[in-house]
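Subject: Structure for your study

Dear colleague,

Please find below the structure that I promised to hand over to you.

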Amino acid sequence: MCNVRSGTVDIDLDAVLAIRAERIDWRFKGLPAGTFGATLGEVADRGLDLFADGFVGPLVVLDRAALEHNLTTMARWCAERGVLLAPHGKTTMAPQLFARQLVHGAWGLTAANISQLRVYRAFGVRRVLLANQLVDPAGLRWLAAELDAHPGFEFTCWVDSVAAVERMSEVLTRPVDVLVELGARGGRTGARDLPTARAVAEAVRRSPVLRLAGVAGYEGALAHDASVTSRSIVDNYLFHLRELVLDLDFEVDEPIVTAGGSAYFDQVADALTEPWPFRVRPVLRSGAYITHDDGFYRGISPFGRMPGATGLRSALTAWAQVTSRPQEDLALLTLGKRDASFDEGLPEPHVVRGRDGIARPVKATVTALNDQHTFVSLPAGSPVEVGDWLGLGLSHPCTVFDKWQVIPVVEGTTVVDLVRTYF
């Protein structure tokens, strides 16, 4: 899946390929006992079948065709709209998938904290936006040493207060690029108004070690659906983000202007590509597009709202076995909160695979998840039996990947690769 050598890519492909040399053992749930002692690469090359070769449930898998479709679709869309993409890697924390994103033209990657950044750097990711305030002295010292040791490493983080500027300036002994983050009342981080943001920018300009390199924001915390009201809130926020950019005096020739989660990136692209009186780098940070989902993002993604747009495909499926059917309208699965996301919608049963090995559409509804059980409501006369496998769509991919250290990539039921995560 990641055996790519041609072209220029800002990640150490040798380090990514070395993941295939890690040996499988009991630490990695779901994998066949017969693979213990083999390397990830050896197992990926065997063409094992999910249901015939000893995999045990529950199991979450990635569909290779859907992944490639989503990578290609987002790359094409960004190129057509004239925006750069620095996808948020916290969605997957999978360097093999980082490599695919970068090979498909991503400008860089986004991280949320210093531990994620260390993972990125272990795999040679060259350009990183840290979408947060970095004020931890130990983290700042590590960052400075990393920048000193690797002149080609490009790093930028946010600042949203004079206090943050002061804390960074007290510790750092070398230059670091920062973006002033504009927030909003009721939002997450970020200066709450334009005067505060301007004061932060002035503090950066006075700092002996920080360089004002642009403006950052995040609209996703301000709205949670695709209603007219929510979209209006996002547009109003983006208007003020542009106003801040036009009001500041940057210390670089081409300041970065960045926003954009996975819900309103069409509006962000519109705002960031309106004419500017000077050159800027418009950067989206959308991350969930790579797998999409069968829930939250399916209902809110711009690709589902834009007329004529080629939609994204859900690449995630959870397979879980029916272990109990204690009453006619209830089945219990070997899947729980330790295995699947549940914060933005419960899993959706799509198919049932019986003893004949054929997957058929199923009528069923997940009503609750415990730590290790899924409660499935069944209609009268449901053919679902103990021992059957249910294939379920998942919502909000960002809280799926952290539950799995190794995820099979499949074509149908054939395993064609294994993706390693690092949380």
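**The sheet**

In this predicted model, eight strands form an open sheet with parallel pairing, in the order β2-β9-β8-β7-β6-β5-β4-β3. Helices (H or I, at least four residues) and strands (E, at least two) are DSSP runs, numbered from the N terminus, and two strands pair if DSSP finds at least two bridges between them. The edge strands, each of which pairs on one side only, are β2 (84-85) and β3 (109-111). Helix α5 (residues 114-122) packs on the sheet and touches β3, β4 (127-133) and β5 (154-159); contact means heavy atoms within 4.5 Å. The direction of α5 makes about 145° with that of β3. Axes are lines fitted to C-alpha atoms, for helices over the stretch in contact, and angles run from 0 to 180 degrees between N-to-C directions.

Within the sheet, strand β8 (residues 256-259) and strand β9 (residues 281-284) run parallel and are joined by four bridges. Threonine 258 stands opposite valine 283 in β9.

As to the conventions, residues are numbered from 1 along each chain as its sequence is written, and side-chain values use heavy atoms, with hydrogens and water left out. Because this is a predicted model, local features need pLDDT of at least 70 and side-chain atom pairs count only at pLDDT 80 or more, while totals for chains, interfaces and linings use all residues.

**Helices α9 and α10**

Two packed helices are described by the angle between their axes and the distance between the axes. Helix α9 (residues 228-247) and helix α10 (residues 265-272) pack at an angle of about 30°, with their axes 10 Å apart. The two helices α9 and α10 are therefore roughly parallel to each other, a term for angles under 35 degrees. In the contact, Arg231, Val234, Asp235, Leu238, Leu241 and Arg242 of α9 meet Asp266, Gln267, Val268, Ala271 and Leu272 of α10. These residues divide into six nonpolar, one polar and four charged. Here Ala, Val, Leu, Ile, Met, Phe, Trp, Tyr, Cys and Pro count as nonpolar, Asp, Glu, Lys and Arg as charged, and the others, Gly among them, as polar.

How far is α10 enclosed by the rest of the structure? Seven of the eight residues of α10 are buried, so this helix is largely enclosed; buried means under 20% relative accessible area (1.4 Å probe, protein chains only). The buried residues are Phe265, Asp266, Gln267, Val268, Ala269, Ala271 and Leu272, and they pack against α3, α9, β8 and β9.

**Individual residues**

Histidine 69 lies in helix α3 (residues 64-81) and is buried, with a relative accessible area of 15%. Not counting residues up to four places away in sequence, histidine 69 touches Thr310, Gly311, Leu312 and Arg313.

Most residues other than glycine have a negative phi, and most peptide bonds are trans. Glycine 57 and proline 58, however, are joined by a cis peptide bond, with omega about 0°. Proline 58 is found in the loop between α2 (40-44) and β1 (59-63). Methionine 93, in the loop between β2 and α4 (95-103), has a positive phi of about 45° although it is not a glycine. Methionine 93 is buried, with a relative accessible area of 1%. Histidine 396 has a positive phi near 60° and is placed in the loop between β16 (389-393) and β17 (406-411). Histidine 396 is buried, with a relative accessible area of 12%.

Yours sincerely,
A colleague

Conventions
Angles under 35 degrees count as roughly parallel, over 145 as roughly antiparallel, 65 to 115 as roughly perpendicular and the rest as oblique. Buried means under 20% relative accessible area, exposed over 50%, partly exposed in between (1.4 Å probe, protein chains only).
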